[in-house]
Amino acid sequence: MSEQQLDWTPWPEDFARRYREAGYWQSQTLFSMLAAQAEQQPEKLALVAGKQRLNYRELKLYAERLAAGLYARGLRPGQRAVVQLPNCAEFFIVAFALFRLGMLPVFALPAHRRAEVSYFCQHTDAAVYICADQHGGFDYRALVAELLPLAPSLQHVIVAGDAGDYTPLNSLYLMDQPLPAEPDASGLAFFQLSGGSTGVPKLIPRTHDDYLYSFAASAEICGLSRDSVYLCVLPAGHNFPMSSPGSFGVFHAGGTVVLASGPSVDESFELIEAESVTIAALVPPLVPLWLDAAAKQPGKLASLRLLQVGGAKFGPELAARVEPALGCKLQQVFGMAEGLVNYTRLDDGPERVLHTQGRPISADDEVRIVDDEDQPVAPGEVGHLLTRGPYTIRGYWRAADHNQRAFTADGFYRTGDLVSMNADGYLTVEGRAKDQINRGGEKISAEEVENHLLAHPLVRDVAIVAMSDPYLGERSCAFIIPREQQAIRLPQVAAFLRERGLAAYKIPDRLELVDTLPQTSVGKVSKKTLRQMLEQKLAAQPTQRSQA
Ligand code: OOB
């Protein structure tokens, strides 16, 4: 067995055979999908990113030349590359170059900082880190300087834009150079990031076969064709905008991907009008902004056919406003980077589209809804969602102990979501059992942030919980027992976490100082009680919520 095989959990042979025979796994790599489009319609516009417009031939060519340049620098198939790029053309050129070479990208979010990025590099022994010079007011080259001593495996740092002391991405495009054979489609293609509920983020190993199936089938469910024009508003490396059906589903269908540089509604509306966008995907907090803007600028969205909303709970009241206000179909999407994705279907009526989060992609997505003892709940009742199937992983990367808890013995992934299923097989998300805060679609592992805060000299103990928020759905609140009555305030907490290199969205929105933390009967901190205490307090002083 190669080292790589020991690091992840492939599907058992009988399942793999079944998924191949059913035609889900096509033995096609992600790069060869792009190459097929370049062959069939070379001049078709594939990507719009700012002033750059690349057709399929160009996108494939740039990816190949970059793969050759990386290869010439000594980088080899199977090695890992941490990629932290904003929504720009290079994101896809780099991704497809790495797929071609058989290197394995880890797609860090642009919001990640030293703590997350150094961990990704260490945990995967990454050979290369690829970033932008700057984006959103942040200079990634400064991050590199802090990163290098922490990530001894890094052989190269490659920067898109002004590279400073590092290797300019632009210098790596090589023509007519040899490349190794394409990787095996049953092997790993790249890593998604888990939202996480544990001390350190988990890496999700995805194969060419399983990922390609997930977005090809998603593209079909969403009715994508060569005429589809997809607006990518969310960070391009997240599973939702990448594969549900996302940019990869659009490439598979031979359509056009239009990148927005960020979530600004003005930019999105300009792009929709200018590029005749037909489909876009949002997290729930962006929807009210779109509804307001659409009321002020009627006509801008004339080309839009489908708006997808997912990543966090989307309530029926807001959902009901989408179709009348935007003049397009709404689709709810409930998915996870580990695999399973559910969609309401294009021909579903309002009962399903407004009140459920859809049903799975595949007839071979197995879904179990169970109680705390792993026993099936009665039909329609709320329980823990477990799942396995042709594109849901069987284990995280290099996480043998955690995998024992996160998966059942027969390979079902414990999603940590509480759901109910109606008689038609549609799921409604009813809550969450995992120790996570879903801050408008951005996932925060409570334990990860708690561990950082426990290192603060004024913190004796800490527990982080979600508090409901009218705009983001949830925000995070830290309950802290200070040491020896010494007060600690939110700005100090924020500065401390920033200093430790944590992404800004993980910094608690509110701080409550307490003398004790309530306990459950088995002596664990009762986060349920903390959430109730918080809701009571916020109900008594509602204006405090936004000031916190
Ligand atoms: C998507 O992926 P992740 O990995 O960032 O987060 C997954 C978790 C789910 O387990 C669930 O807790 C929550 O995000 N979630 C939703 C939801 N969609 C995701 N909770 C309620 N309603 C929804 N519609 O977030 C993701 C991946 C692919 C497609 C869409 C979303």
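**View 1. What kinds of residues line the ligand's shell?** The shell splits into seven nonpolar residues, eight polar ones and four charged ones. Here Ala, Val, Leu, Ile, Met, Phe, Trp, Tyr, Cys and Pro count as nonpolar, Asp, Glu, Lys and Arg as charged, and the others, Gly among them, as polar. In total, 19 residues surround the ligand, and H238, V333, D417, K434 and K443 are the closest; to be near, a residue needs a heavy atom within 4 Å. Keep in mind that this is a predicted model: local features need pLDDT of at least 70, side-chain atom pairs count only at pLDDT 80 or more, and totals for chains, interfaces and linings use all residues. Residues are numbered from 1 along each chain as its sequence is written, and side-chain values use heavy atoms, with hydrogens and water left out.

**View 2. Where the shell comes from.** The top contributor is β16, with four residues. Helices (H or I, at least four residues) and strands (E, at least two) are DSSP runs, numbered from the N terminus.

View 3. K443 puts a polar side-chain atom 2.9 Å from an oxygen atom of the ligand. Taken alone, the ligand exposes 600 Å², and the protein buries 96% of that (Shrake-Rupley areas, 1.4 Å probe).

**View 4. A four-stranded open sheet.** The strand order is β19-β20-β21-β22, with antiparallel pairing; two strands pair if DSSP finds at least two bridges between them. At the edges are β19 (366-370) and β22 (427-432), each pairing on one side only. Neighbouring strands of this sheet are turned by 45° against each other on average, direction ignored (axes are lines fitted to C-alpha atoms, and angles run from 0 to 180 degrees between N-to-C directions). Zoom in on β19 and β20 (residues 383-388): five bridges join this antiparallel pair, and V367 stands opposite T387 in β20.

**View 5. A three-stranded open sheet.** This one runs β25-β26-β27, and its pairing is mixed. β25 (459-469) and β27 (510-513) are the edge strands with a single partner each, so one side of each has no neighbour in the sheet. On average, neighbouring strands here are turned by 25° against each other, direction ignored. Four bridges link β26 (residues 473-482) to β27, and the two run parallel; I480 has L513 in β27 as its bridge partner.

View 6. F96 and F248 make a tilted aromatic pair, 5.5 Å centre to centre with 35° between the planes. Rings of Phe, Tyr and Trp (its six-membered ring) pair if their centres lie within 6.5 Å; planes under 30 degrees apart are stacked, over 60 edge-to-face, and the rest tilted. F96 belongs to helix α5 (residues 89-101) and F248 to helix α10 (residues 246-253), so the pair ties together parts 152 residues apart in sequence. By this rule the count comes to 29 aromatic pairs.

View 7. S244 and P245 are joined by a cis peptide bond, with omega about -15°, and P245 sits in the loop between α9 and α10. S27 has a positive phi of about 55° although it is not a glycine; find S27 in the loop between α2 (13-21) and α3 (30-40).

Conventions:
Polar contact = N/O pair within 3.5 Å; in protein donor to acceptor, adjacent residues only side chain to side chain.
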